[in-house]
Amino acid sequence: MRVALFVTCVNDAVYPATGIATVKLLERLGVEVDFPAGQTCCGQPQYNTGYRHETEPLVRRMGRVFDGYDHVVTPSGSCAAMVRDNYPRIGHKAAAEGRGPELGEIARSLGPRVYELSEFLVDVLGVTDVGAYFPHTVTYHPSCHGLRTLGLGDRPRRLLEAVKGLELRELPGADECCGFGGTFAVKNPDVSAAMGTDKVAHAASTGAEVLCGADNSCLMHIGGILHRQDAPLRALHIAEILLSTEAEPHV
Amino acid sequence: MSGTFVGMPAFPPPDPPAFPRAARDAVRDTTLRENLRHATHTIRDKRAKAVAELADWQQLREAGKRIKDHTLRHLDQYLVQLEESVTTAGGTVHWAADADEANRIVADLIRATGETEVVKVKSMATQEIGLNEALAAEGIRAYETDLAELIVQLGDDRPSHILVPAIHRNRVEIRDIFLDRMGSWGRPAPDGLTDTPADLAEAARLHLREKFLRAKVGVSGANFMVADTGTLVVFESEGNGRMCLTLPETLISVVGIEKVIPTWQDLEVFLQTLPRSSTAERMNPYTSMWTGPADGDGPQDFHLVLLDNGRTDALADEVGRQALRCIRCSACLNVCPVYERAGGHAYGSVYPGPIGAILTPQLRGTTSEIDASLPYASSLCGACYEVCPVAIDIPEVLVHLREKVAGQGGPGHRLEKAAMKAAGWAMDHPRVMAAGERAAARTRALHPKRPPGATAWTDSRDLPAFPEKPFRDWWKKNRS
Ligand code: SF4
């Protein structure tokens, strides 16, 4: 099987390790991965801040870049949600403004082909045990877009539970937002930080060594607070845990 | 907030602070945060249990959404039908385009009775239009009779929650307010009042009983208005509302035009979804319905004031109009992580929380600083949408309103637009973007931990260090 990786702009620039782990993990599972170099950003920051028109060229680009792939895999729940949930809205509004139907067509064509990593593993490849080994205590934060918009359900948890050596600890208030919210973190810094601090306190109360998530934007915010607090807990993307094996353990 | 209020303070407050500023103060008020955290978590857990009991919750939610959407689409017809039904039942219908007109109508009606005191059952519409202040200016005193509203009124305070307006107060604070203030409004609090709920409730009961028995005029809102019978419906928990609705000689109901539903049958959906969503009760303790005056029983004179006050403008907005489906259950407030930290007052409106963030800027427009900041008062986490019993996609409306605010420019947004445009351009040119990434990677040793301009971010968080090289360079080197 051949899939296209949509690495996302944040992962590309700030968290390349997540992209690399995604590639290596998929390859280990027998998937051939392509990285169309023309890809950039799904437009989520622009769209969510109220700049829909500025998003449109990026929607077109996403449509062009990933044309012809049956599966587009992304290690980011919120970016998958952006394509699936918001592209149709962008198409609808553009049509209502009389600006051609192509955006709507991109939304219809691309949406069903875009998969968040855990969705792809569980639903398309049909695996929950990816042969990983990670001898640490882990607590899982299901980011809002993955949880509510995509409805990832227990897919990430099932993947983690199948990891050898991994002990999963229940995160209190797991379904509460960590307070990142894209530009929300900048526009409402105090509320955002209060939410993040509570999230970190909940995570710390589990005694876990690692806080795992499927969205590096949230992990950047949570990790930033952890770092500031010098907490004995680190934030890690699920792809990096799933890549870790006995032969090649993640440090 | 400053100044002394006669009854409920005016809305909007004279110089409302923008949301992030107001929220900062609330975040730092540890008592407030603890009161809110405790109250919202208790009610949200109860709600989840009550809702889980119904196997057909999603169908009920869909039905409620459809009934409301259908009515809103034909609002003109149903309002005319309602007017006919109310008139046939012996009531009088008044139409009010805005707050001033509604206040004038109510004041004139009360003056015509010769009374200078009225009792009120909790009504958000009258708070929205600042009725109590308008009446006070005419020498008429309005007594709030809902327990929480009473607490807010006695405390010269502002409501901070749709359903539990005094949610920001704890028991000790309430006892102090009763002891301090009840005397100047009527029957004083009993000596030795404790802060046990039963004691507080008894003090309020005695205080209010006096008011109910004296009042000749009652003012109410309504949760629903049934078009085909002209019936108004109020859901409440204490029975105080029923006293207001039955004891006075004249009843004046002020209701937003979006509260109409076509038939009695339609109520069956909301009778199930509203109590469970708001107070986590299977059945509402007091559901009062009134259809015009009845000879020798209850008020002999009934007036319905139908309030627009920005609602037709909201109705004209294809995405935004879904906010008018709201049945004011407050479930969205109780699950909202932003509301939980910022408190209701930060929203600068009678409608706080997620629904307030989308309703207020539609009713009042987005030109004031607070109204322009409300659509951004959310992390778009979607918890509100998930619980809303009429499936209002609040995040969708928030983003829609952000577009409006961003489009109108204004301070902050002009710069932001330029930045978004530049970023959008770079992202539509992968080579430019990649060059930027590489430059950031090469200069990573020079990046300060707390870069200037990112102070809000770095007040409480560190920024991640840039990696040695972006993902696309790894790919180029290792895979292509
Ligand atoms: S928006 Fe929905 S959840 Fe919020 S108060 Fe209205 S009906 Fe209830």
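This is a predicted model: local features need pLDDT of at least 70, side-chain atom pairs count only at pLDDT 80 or more; totals for chains, interfaces and linings use all residues.

Modeller: Arg157(A) and Glu161(A) form a salt bridge, with their closest N and O atoms 3.0 Å apart. These two residues are four apart in helix α9 (residues 155–161) of chain A, so about one helical turn separates them. Over all chains the count comes to 55 salt bridges, and 17 salt bridges are counted between chain B and chain A. One that joins the chains is formed by Asp198(A) with Arg33(B), whose closest N and O atoms are 3.4 Å apart. In general, side chains of opposite charge can pair when their charged atoms come close.

The count of residue pairs in polar contact between chain B and chain A, with both residues at pLDDT 80 or more, is 30. On the side of chain B that touches chain A, helix α20 (residues 413–427) of chain B gives the most, with seven residues, and the residues of that side as a whole divide into 29 nonpolar, 10 polar and 24 charged.

Taken as a whole, the contact involves 63 residues of chain B and 65 residues of chain A. The two chains bury about 5,400 Å² between them, and 58% of this area lies on carbon and sulfur atoms. Of the area that chain B buries against chain A, 13% is supplied by Met420(B), Arg461(B) and Phe471(B), which is more than any other three residues supply.

In one of them, the ring centres of Phe35(A) and Trp475(B) are 5.7 Å apart and the planes stand at 45 degrees, so the pair is tilted. That pair crosses between chains, running from Phe35(A), in the loop between β2 (32–34) and α3 (44–49) of chain A, to Trp475(B), in helix α23 (residues 471–478) of chain B.

Notes. Residues are numbered from 1 along each chain as its sequence is written. Chains are lettered from A and ligands numbered from 1 in the order in which they are written. Side-chain values use heavy atoms; hydrogens and water are left out. Contact means heavy atoms within 4.5 Å. Buried area is the accessible area (1.4 Å probe) that two parts lose on being put together, summed over both. A salt bridge is a side-chain nitrogen of Lys or Arg within 4 Å of a carboxyl oxygen of Asp or Glu. A polar contact is a pair of N or O atoms within 3.5 Å; within protein, one must be able to donate a hydrogen and the other to accept it, and residues adjacent in sequence count only if both atoms are side-chain atoms. Ala, Val, Leu, Ile, Met, Phe, Trp, Tyr, Cys and Pro count as nonpolar, Asp, Glu, Lys and Arg as charged, and the others, Gly among them, as polar. Rings of Phe, Tyr and Trp (its six-membered ring) pair if their centres lie within 6.5 Å; planes under 30 degrees apart count as stacked, over 60 as edge-to-face and the rest as tilted.
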